[in-house]
Amino acid sequence: MTHNSRDSYAILLSSQLQSGLYMQGPTPRPWIDTLGIYQGGKSKIAGIDRAIKLSSNESALGPSPKAMAAYREEATQLHRYPDPIYHDLRAALAQKYDLDPGRIVCGLGSDEILKNLCRAYAAPSDEVIYSRYGFMMYPIAAQAVGAVPVEADDDNFVAHVDSLLAAVTDKTRIVFLANPNNPTGTYLSAQELDRLHAGLPTNVILVIDSAYAEYVNFDDYDAGLELVAKAPNVVMTRTFSKLYGLGSLRIGWGYAQSEIAAVLDKIRDPFNVSGPAQKAAIAALQDHEFEEKALAHNSYWRRWLSDELTALGLTVIPSAANFVLVRFADTTISAEQANNYLMQKGYILRWLPGQGLADCLRMTVGLQEENEAVIGHLKELMQGA
Ligand SMILES: *Cc1c(COP(=O)(O)O)cnc(C)c1O
């Protein structure tokens, strides 16, 4: 530091001291103060050795065995930086889904892609729309950049296209839609998605978050690829955290038109996806046996759980994903009481009062013995009451 610059620095400091600025210490941007923190599902219960976690929509069957083997094999390469452009992973995705690898982006979980879309396209006081009971990351991602999260009404736990469109203003930059949605499990048909897209101005990005796409077995569903193929303002995001059971590795991907893909590539960190995550994801994509087993397991037990819960007098919101949302509407036992009772028995479900769902529990489809145990305990509780 030269004499002169040190002098001017001293003047600056003393003027900051006088203005009180220096005494305040570092101050985050104003919108960070009110920023919500994403609450993950609990994984431990005090006093219980091994709690059964059915609170985060994780894979009932664990990770794909082929993915585990690929992950272990990559241990000898931990000193190497990962492939910064995920060449092999993008090739594997392109082959599996018949896509242009140049339009595939990868992220540290699909959450990173959702956040980067806000960082790239929404400025402070711009608006970001999502549906009531939409995924909690959307308002958080919007607020993190100072944008205003705007919640559109749903229709009986299903996203409502007309309400989403009615919420659009000239400040709207992004519409987030989880399809199927978490925590409701409901989905919009391809036709409804088309209608939503057709009603949006072309400068608004429609983000179709298809984290649970693999689980959907309804003919009128499309994960969003058809729309991305024909529209310049649609992004589809996917994840390896659910069907493939790789939540801990943090890896997701997205598909967009080349300009948006290039923007997302520009603002991400250079090595955002680790080498083991890339290798495990490629192996998981090629593990057809695991895929089939996991899907068959989910369809069977999702149906079984829905039937059993309904028989207990509870209202099950029709689910297309790997979890069910259960309403304790006209019951003597409340959702909170049921949640506490199951916790005492060692089972963690998700009670979501913070999302306006205080009369609901969300339960991830578990293993046979886990599903049967939860239903057994609920029977004791509800029929003893
Ligand atoms: C679980 C989930 C994700 C996936 O997040 P990752 O960051 O890929 O683990 C995205 N969207 C929704 C709606 C989810 O439920």
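This is a predicted model: local features need pLDDT of at least 70, side-chain atom pairs count only at pLDDT 80 or more; totals for chains, interfaces and linings use all residues.
## Helix α13 and what follows

Let's start with the buried residues of helix α13: Phe290, Glu291, Ala294, His297, Asn298, Trp301, Arg302, Trp304, Leu305, Ser306 and Leu309.

How does the span of α13 compare with what its 24 residues should give? Helix α13 covers residues 288–311, and at 1.5 Å a residue it should span 34 Å; the end C-alpha atoms lie 35 Å apart, so the two values agree. Just after α13 comes Gly313, whose phi is positive, at about 90°.

Is Gly275 buried or exposed? Its relative accessible area is 13%, and buried means under 20%, so Gly275 counts as buried.

Which residues does Gly275 touch, leaving aside those up to four places away in sequence? The contacts are with Glu74 and Pro82. With Glu74, the sequence separation is 201 residues, while the C-alpha atoms of Gly275 and Glu74 are 7.3 Å apart in space.

## The seven-stranded sheet

Now for the sheet, which is open and has seven strands in the order β2-β10-β9-β8-β7-β3-β4, with mixed pairing. From one strand to the next, the twist averages 25°.

Helix α9, residues 190–199, packs on this sheet and touches β7 (172–178), β8 (205–209) and β9 (234–239). The direction of α9 makes about 155° with that of β8.

As a reminder, strands of a sheet pair through backbone hydrogen bonds, either parallel or antiparallel. For β2 and strand β10 (residues 252–256) the sense is antiparallel, over four bridges. Within this pairing, Ile104 has Tyr255 of β10 as its bridge partner.

Which way do the residues of β2 point? Ile104 and Cys106 point one way from the strand, whereas Val105 and Gly107 point the other way. All four named residues, on either side of β2, are buried.

Notes:
Residues are numbered from 1 along each chain as its sequence is written. Side-chain values use heavy atoms; hydrogens and water are left out. Two strands pair if DSSP finds at least two bridges between them. Helices (H or I, at least four residues) and strands (E, at least two) are DSSP runs, numbered from the N terminus. Axes are lines fitted to C-alpha atoms, for helices over the stretch in contact, and angles run from 0 to 180 degrees between N-to-C directions. Contact means heavy atoms within 4.5 Å. Buried means under 20% relative accessible area, exposed over 50%, partly exposed in between (1.4 Å probe, protein chains only). The expected span of a helix is 1.5 Å times one less than its number of residues.
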